[in-house]
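Biologist: Could we go through this structure together? I would like to begin with the overall picture and then turn to individual elements.

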Amino acid sequence: MTERFTGSFTQQEPIPEEGIEAALSVLRHGRLHRYNTAPGEIAETALLEEEVAALTGARYALAVASGGYALACALRALGVKPGDRVLTNAFTLAPVPGAIASLGAVPVFVGVTEALTIDLDDLAAKAGEAGVLMLSHMRGHLCDMARLLEICDAAGIRVVEDCAHTMGATWEGLPSGRHGVIGCYSTQTYKHANSGEGGFLVTDYEEIAARAVMLSGSYMLYDRHRAAPGPEVFERVKYDTPNISGRMDNLRAAILRPQLRALVGQVARWNARYHVVEQGLRGTPGLTVIDRDPRGGFVGSSIQVLLLDWPDGTIPEVLRRCAARGVELKWFGGAEPAGFTSRYDSWRYAPSDPMPASDRILRGILDMRLPLTFSEEDCALIARIIRAEVGAVWQASGRAGS
Ligand SMILES: *Cc1c(COP(=O)(O)O)cnc(C)c1O
């Protein structure tokens, strides 16, 4: 009998009951706007920011409308101007170069290694070209952060971390998002906490924090923030920082607070699922499992493998065969961007020199979500299906034994 998987790769868990209760209470009192508070009331959004600061160990935190907004807000808070060049990953998702382009700044793409991390040699080679690196920890693969910071410090580059896939992850014990000047997170449905849309940014720098608060649309109500610097800092920035509205609201904040409290436990559940798939795929001929650097604590909310140097046409065949058995794989090597998968050469508003070494990696990347609605048994089944179908196409391609 041919096994089939019938679960949904896009179905997340429900919002925890505690979050539903908190959301209902916000709906019942009607004060959804973060600055709409009753006397003595502290807004859910302000409480959430305090909790985000505590969770990450940052001095300041700001909740915003989306992860992409957090990224653009971070660049604005750093003073990036139209025409400025901003380094970023060639292997990332569209909102990252999009955030750079939203300021009229120009993305400069840095290559990807077989570990799916930013190519630090390529970064060193391009370091003279920009004053900011928007570092995307794409799919949770963390590079050697000490070496990255060495390169960036030497070149005077400030680092903004895109932690859309690393909320809850660490590098050498420090939470992801705390190595650079600003850390940005997303709470969009497919990330590690789910408010539909939403995001945060964290920083230790008071003037950056004050600018970000003003940028997010605080009017002159910044004193309602509890994870923000004191009024004297706002005095320095309030006349020359535009309001580019992108606030979070109390409904989303109410949903998120219990999810953040549960994050550590959720990470363990993701990683248990990840390890089942990884173990099931290890040793599949033609398929490379990405070994995670033990210095990093990752969140296995998705898994990537490489089918390196497979002949033309064979990877689409793997995708078709897996899909026919209910297993949805995404591929970063298609000629045309599809769904969430696009790559640096699809972003034609930001032309780049070709990067053949990165192209070889991108052509081989298979990517799969692991929502927590999957059981570990589901994960074992998924791995058996991928293993069988990769094996069948590999055999048929005549590469077996090569
Ligand atoms: C989702 C995502 C973002 C942006 O988050 P949104 O909340 O959807 O704006 C940024 N970077 C990466 C890598 C993402 O996957």
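Predicted model: local features only at pLDDT ≥ 70, side-chain atom pairs only at ≥ 80, totals over all residues.

Biologist: How much of the protein is buried?

Modeller: Of the 402 residues, 55% count as buried. Buried means under 20% relative accessible area, exposed over 50%, and partly exposed in between, with a 1.4 Å probe and protein chains only. As for contacts (heavy atoms within 4.5 Å), residues 24 or more positions apart account for 72% of those with a separation of 6 or more.

Biologist: On to the sheets. In what order do the 7 strands run?

Modeller: The order is β1-β9-β8-β5-β4-β2-β3, in an open sheet with mixed pairing. Strands β1 (60-64) and β3 (106-110) are the edges, each pairing on one side only. Neighbouring strands of this sheet are turned by 20° against each other on average, direction ignored. Two strands pair if DSSP finds at least two bridges between them.

Biologist: Which way do β4 and β5 run, parallel or antiparallel?

Modeller: Strand β4 (residues 132-136) runs parallel to β5 (residues 158-162), with 5 bridges joining them. There, S136 has D162 as its bridge partner.

Biologist: And β8, is it covered on one face or both?

Modeller: On both faces: I182, C184 and S186 on one side and G183 and Y185 on the other are all buried. β8 is joined to β5 by 3 bridges in parallel, and G183 stands opposite E161. With β9, strand β8 pairs in the antiparallel sense over 5 bridges, and Y185 has F200 as its partner.

Biologist: Which strands of that sheet does α7 touch?

Modeller: Helix α7 (residues 206-217) touches β1, β8 (182-186) and β9 (199-203), and its direction makes about 20° with that of β1. Axes are lines fitted to C-alpha atoms, for helices over the stretch in contact, and angles run from 0 to 180 degrees between N-to-C directions. In α7, 10 of the 12 residues are buried. Their cover includes α3 (67-77) and α8 (231-237). Just after the helix, Y219 takes a positive phi of about 50°.

Biologist: Where does R178 sit?

Modeller: R178 lies in the loop between β7 (174-175) and β8. It counts as buried because its relative accessibility is 15%. Its side chain reaches the backbone oxygen of G57 at 3.0 Å, and a polar contact of 3.0 Å joins it to the side chain of D204. A polar contact is a pair of N or O atoms within 3.5 Å; within protein, one must be able to donate a hydrogen and the other to accept it, and residues adjacent in sequence count only if both atoms are side-chain atoms.

Biologist: Another topic: what covers the buried residues of α9?

Modeller: The cover includes α1 (17-29), α2 (44-56), β9 and α10 (263-281). In α9, 9 of the 12 residues are buried, among them R257 and Q259. D249 caps its N-terminal end, with a side-chain oxygen 3.0 Å from the backbone nitrogen of L251.

Biologist: Finally, which strands make up the sheet of 4 strands?

Modeller: The order is β10-β12-β14-β13, an open sheet with antiparallel pairing. β10 (288-289) and β13 (330-331) stand at the edges with a single partner strand each, so one side of each has no neighbour in the sheet. Strands β12 (residues 302-306) and β14 (residues 365-369) pair over 5 bridges, and I303 has M368 as its bridge partner.

Methods
Residues numbered from 1 in each chain as written. Heavy atoms only, no water. Helix = DSSP H or I, 4+ residues; strand = E, 2+ residues; numbered from the N terminus.
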